[in-house]
Amino acid sequence: MDFITGVDQAITLGLLEFKRYLEDAIHRRADVLEHFFWQSDASQWTVLNYLISRYEEPVESADLALNELLKMIEYVLQLAKHKEVSAALHQALNEGKTQLALYLLQSNLLSQQSINQRDEKGRTLLSLVITSQQDKLLAALLQQKPSVHM
């Protein structure tokens, strides 16, 4: 069984089993959260990228706190040696997952340096948030004091 298939199975079993699966994987390979895994479409994703791609925006904002996949994303971010919150935010915004992006912005995991990072197309979080036309996202990002001179 490949790793991503194992992640899928752990996801279906719930948060506790997901945590156990990741802890076992980290015990076997310390850099598993930073490792890129091949997908069937020939793209390469980390566990975090994969979880974000699987995440679906809840219909009501109250459902956000109950979403187990969100808790799994948060758990991976807590365990990761290199907090790729900026990359996760870029991915969430590019995939139109604005509630996830808002949650990540409010998580206090974002460093001042990563708030101004550019994605592979040269876009900053500020430019992506402005394009999304989401006032709550813009307000949350501006509280992080991004550079407007990037």
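Me: In this predicted model, a residue is buried when its relative accessible area is under 20%. What makes helix α3 mostly covered?

Reply: Helix α3 spans residues 47–54, and six of its eight residues are buried. Those buried residues are Val-47, Leu-48, Asn-49, Tyr-50, Leu-51 and Ile-52.

Me: Why is Thr-46 called buried?

Reply: The relative accessible area of Thr-46 is 11%, and the cut-off for a buried residue is under 20%. Thr-46 is therefore buried. This residue is found in the loop between β2 (44–45) and α3.

Me: Which residues does Thr-46 contact, leaving aside its neighbours within four places in sequence?

Reply: With those neighbours left out, Thr-46 is in contact with Leu-33, Glu-34, His-35 and Phe-36.

Me: How do you know whether Val-32 is buried or exposed?

Reply: Val-32 has a relative accessible area of 3%. Buried means under 20% and exposed means over 50%, so Val-32 counts as buried. Its place is in the loop between α2 and β1 (37–38).

Me: What surrounds Val-32, leaving aside its neighbours within four places in sequence?

Reply: Apart from those neighbours, Val-32 is in contact with Phe-3, Ala-25, Ile-26, Phe-37 and Val-47. Val-47 is also among the buried residues of α3. As for Leu-22, it is 10 residues from Val-32 in sequence, and the C-alpha atoms of the two are 8.5 Å apart in space.

Me: Why are helices α2 and α4 called roughly parallel?

Reply: The axes of α2 (residues 15–28) and α4 (residues 68–79) cross at roughly 25°. Angles under 35 degrees count as roughly parallel, and α2 and α4 are therefore roughly parallel to each other. Their axes come within 10 Å, and the crossing is right-handed.

Me: Which residues of α2 and α4 meet, and how is that contact made up by class?

Reply: From α2, the residues are Leu-15, Phe-18, Lys-19, Leu-22, Glu-23 and Ile-26; from α4, they are Glu-68, Lys-71, Met-72, Tyr-75, Val-76 and Leu-79. By class, this contact has eight nonpolar, no polar and four charged residues.

Me: What elements make up the protein chain, and how much of the chain is buried?

Reply: The protein chain has nine helices and two strands, which run α-α-β-β-α-α-α-α-α-α-α from the N terminus on. Buried residues make up 43% of its 150 residues. The chain exposes about 8800 Å², of which carbon and sulfur atoms supply 51%.

Notes: Residues numbered from 1 in each chain as written. Predicted model: local features only at pLDDT ≥ 70, side-chain atom pairs only at ≥ 80, totals over all residues. Heavy atoms only, no water. Axes fitted to C-alpha atoms, helices over the stretch in contact; angles between N-to-C directions. Helix = DSSP H or I, 4+ residues; strand = E, 2+ residues; numbered from the N terminus. Parallel < 35°, antiparallel > 145°, perpendicular 65-115°, else oblique. Left-handed = near helix turned anticlockwise from the far one by under 90°. Contact = heavy atoms within 4.5 Å. Nonpolar A, V, L, I, M, F, W, Y, C, P; charged D, E, K, R; others polar. Buried < 20%, exposed > 50% of the residue type's maximum accessible area, 1.4 Å probe, protein only. Areas by Shrake-Rupley, 256 points an atom, 1.4 Å probe, with all protein chains shown as cover.
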